[in-house]
Amino acid sequence: MFLRTRLYAAVFVCLLVSLSQSSGAVITFDMLSGGDVDSLDGTASGTAVKDGLSLTASANTGVLNCTSISFGINASGTGDDTDEFDNGAGMSEIMTFRFDSDVVLVSIDFFSLGSGDTADLSSADSFNLGIYDGLPTDPFEVNQAIAAGTDVELARTGGSFGIHSITVDVIPEPATASLCCLALGILVKRRRR
Ligand SMILES: [Ca+2]
Ligand SMILES: [Ca+2]
């Protein structure tokens with residue numbers, strides 16, 4: 001009887017883990033000041049952590065900058081739209097970012113992405129997406145898998161725009177689910193004896 005209870009408990013936990021891991025954990029980084037990335041504000045390169053996931057980002061010129069309106073790059077020098085990605089002080093602004101777990105980059109909620117505002121979202125050999133006025137969805141659905149530690153570049157190519165939020169789905173590590181099923185297997189075997 002005791003074994004049966006334990007068996008049911010193990011099955012329940014295993015199911016729970018499988019269910020929770022099949023969809024992963026969806027995490028949205030609020031990029032506005034007072035949100036989730038204040039630790040990036042005013043830094044050339046920094047890391048923000050939310051729900052155990054690290055987002056590391058860097059600017060190709062000046063510093064990353066979040067305000068209550070938008071997140072962008074505050075370029076060195078004058079004449080820059082300091083919380084947007086633009087032509088700053090005569091240089092197209094680029095943010096490079098990565099996560100410390102395997103994720104699916106689900107979507108990016110852009111700010112002030114209008115006529116003539118364009119960018120490339122790319123990662124070395126794996127993908128290159130054009131961002132432009134008239135995106136099919138708002139927020140822009142990316143749905144691109146990105147391995148832990150892989151650099152992604154958001155490079156402004158025209159006009160100016162900012163970011164409000166970035167949403168990722170953390171890909172579950174298979175180890176946890178496997179261990180759970182292994183434990184269940186052992187329990188079943190014991191019960192049969
Ligand atoms: Ca700027
Ligand atoms: Ca704009």
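Trainee: How many bridges join strand β8 to strand β11?
Mentor: Five bridges join them. Strand β8 covers residues 118-123 and β11 covers residues 152-158, and the two run antiparallel. Keep in mind that this is a predicted model.

Trainee: Okay, and which residue is the bridge partner of Asp120 in β11?
Mentor: That is Ala155. Look at Leu121 too: in β11, Leu154 stands opposite this residue.

Trainee: What holds paired strands together in general?
Mentor: Strands of a sheet pair through backbone hydrogen bonds, in a parallel or an antiparallel way.

Trainee: Now for β9. How many bridges join β8 to β9?
Mentor: There are six bridges, and β8 and β9 run antiparallel. One place to look is Thr118, which stands opposite Tyr132 in β9.

Trainee: And how many residues lie between β8 and β9 in the hairpin?
Mentor: Three residues lie between the two strands of that hairpin.

Trainee: Let's zoom out. What is the order of the strands in the open sheet?
Mentor: The six strands go β2-β3-β6-β11-β8-β9, with antiparallel pairing.

Trainee: Which ones are the edge strands?
Mentor: Those are β2, residues 45-50, and β9, residues 127-132; each pairs on one side only.

Trainee: What about the twist, how much does it average?
Mentor: From one strand to the next, the twist averages 20°.

Notes
Residues numbered from 1 in each chain as written. Chains lettered and ligands numbered in written order. Predicted model: local features only at pLDDT ≥ 70, side-chain atom pairs only at ≥ 80, totals over all residues. Pairing = 2+ DSSP bridges. Helix = DSSP H or I, 4+ residues; strand = E, 2+ residues; numbered from the N terminus. Axes fitted to C-alpha atoms, helices over the stretch in contact; angles between N-to-C directions.
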